[in-house]
Amino acid sequence: MPLSKKEILVRKNGCNINGGLTPSLDPSVNIYVKVTDHCNATCPFCCREMDDWHIGKAMSETEQKAKTGARCMDENHFDVDKLFKAIEDILRSKIKVNRVCVTGGEPSMALDIVNHILKNFDIPPFNRIHLQLNTNGLSNNAQELMHNPRWDTISVSMHHYNPTMLAEIYGLSHKVYKEIHNTCMPSFNGVNRCVLNLSCNLIKGYVDSPAEVQKMMDFAISQQIYVIGFVGLMPSNSFCRTHYVDYRSLDMESIPDIIKTKTKENGIHCSCSNFLYRNESGMLDVYMRCNYEPNYCASSLVYDGHFLRQGFHTDNIIF
């Protein structure tokens, strides 16, 4: 294709659905735009490069406060124009862009970059592309971003229904966490519920059983959120390997008023199942997924402000 001599690796076949045949697919990609490595949390399962912030490192309250105020690269160091040139060349090559996911780190720590990207997605042909924000929703900047009407999907990372447990997962003391963010939970006030979903990692010792899954689903419905995903940890570090929970080991049928609607398999790479759950307050779409191969990257592209890569690696540069 025009933007490189390297060929983009795309999936040729879809997933096996309920044991049936795998359908053929037209060439398509998902593009993950990594606007920063910085984050206002230190989750021990995170596989991002954390410069001098180390996964699972215990921090003093002073260090925590300094960390949450850290700055990321500015617009002068993130080539937004190159991103949109790459998208144009992909579309010109008859490859569909399924969606563009703005992610990090925590994207709200690069607010100027994200706002620049958002403005470009209002212009044809980019205004027809599905645009997704991945955020923890905690900071004031995150709240500002979630209220932008351009997002087609907002996926909020939220790994527990209990504020203290959530703060523990994020690697911040409950006291400092609340002092910095004024709350221990993201606020969804004024956010378009039609585009909002929660993403909860299955973690041993936290959400790791049908009872805990049900509490998380009930929490989502209580917030008037009606889509939630539960994801097994990628085997990217020792914490992930020792705290891994395979959703298939959970007896989901023991939860009252839940039914499985679909199961999909993609060979040795990943599997997922969809469910419908209801309680007295509402109904919830539920998906559960496990990725077994962190190096699998067909149809996944990552742009970091400098290079477009195939998959989540430091090599494999396409453009």
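**Figure 1. Surface and overall make-up of the predicted model.** The chain exposes about 15,200 Å², and 50% of that comes from carbon and sulfur atoms. Keep in mind that this is a predicted model. Buried residues account for 50% of the chain's 319 residues. On the secondary-structure side, there are 8 helices and 12 strands. Take the contacts between residues at least 6 apart in sequence: 66% of them link residues at least 24 apart.

**Figure 2. The open sheet, strand by strand.** Here 12 strands line up as S1-S8-S9-S10-S7-S6-S5-S4-S3-S2-S11-S12, with mixed pairing. The edges belong to S1 (16-17) and S12, each of which pairs on one side only.

**Figure 3. Zooming in on the S5 and S6 pair.** S5 (residues 153-157) and S6 (residues 196-202) run parallel and are joined by 4 bridges. To find your bearings, look for Ser 155, which sits opposite Asn 197 in S6.

**Figure 4. Helix H2 and the ends of its run.** H2 covers residues 80-92, which is 13 residues. From first C-alpha to last it reaches 19 Å, close to the 18 Å expected at 1.5 Å a residue. Which residue caps the N-terminal end of H2? That's Asp 79, with a side-chain oxygen 3.3 Å from the backbone nitrogen of Asp 81. Just after H2, Lys 94 takes a positive phi of about 65°.

Figure 5. The buried residues of H2 are Val 80, Lys 82, Leu 83, Phe 84, Ala 86, Ile 87, Asp 89 and Ile 90, so Lys 82 and Asp 89 each fall under 20% relative accessible area.

**Figure 6. Inside the largest nonpolar core.** This core holds 82 residues. The members that touch the most others are Ile 87, Ile 117, Leu 198, Val 213, Met 217, Phe 230 and Met 288. Ile 87 also turns up among the buried residues of H2. Leaving out residues up to four places away in sequence, Val 213 touches Leu 202, Val 207, Phe 230, Leu 250, Met 252, Ile 255 and Met 288. In soluble globular proteins, nonpolar side chains tend to be buried together.

**Figure 7. Two cis peptide bonds.** Most residues other than glycine have a negative phi, and most peptide bonds are trans. Gly 104 and Gly 105 are joined by a cis peptide bond, with omega about 20°. Gly 105 is in the loop between S3 and H3. Pro 124 and Pro 125 are likewise joined by a cis peptide bond, here with omega about 0°. Pro 125 belongs to the loop between H3 and S4 (130-135).

**Figure 8. Positive phi at Gln 224 and Asp 257.** Gln 224 isn't a glycine, yet its phi is positive, near 60°. Look for Gln 224 in the loop between H7 (210-222) and S7 (227-232). Asp 257, not a glycine either, has a positive phi of about 60°. Asp 257 lies in the loop between H8 (238-242) and S8 (258-266). Are these residues buried or partly exposed? Gln 224 is partly exposed, at 47% relative accessible area. Asp 257 also counts as partly exposed, at 47% relative accessibility.

Methods: Residues numbered from 1 in each chain as written. Predicted model: local features only at pLDDT ≥ 70, side-chain atom pairs only at ≥ 80, totals over all residues. Heavy atoms only, no water. Core = buried A, V, L, I, M, F, W, Y, C linked by side-chain atoms within 4.5 Å. Buried < 20%, exposed > 50% of the residue type's maximum accessible area, 1.4 Å probe, protein only. Contact = heavy atoms within 4.5 Å. Expected span 1.5 Å × (residues − 1). Polar contact = N/O pair within 3.5 Å; in protein donor to acceptor, adjacent residues only side chain to side chain. Areas by Shrake-Rupley, 256 points an atom, 1.4 Å probe, with all protein chains shown as cover. Pairing = 2+ DSSP bridges.
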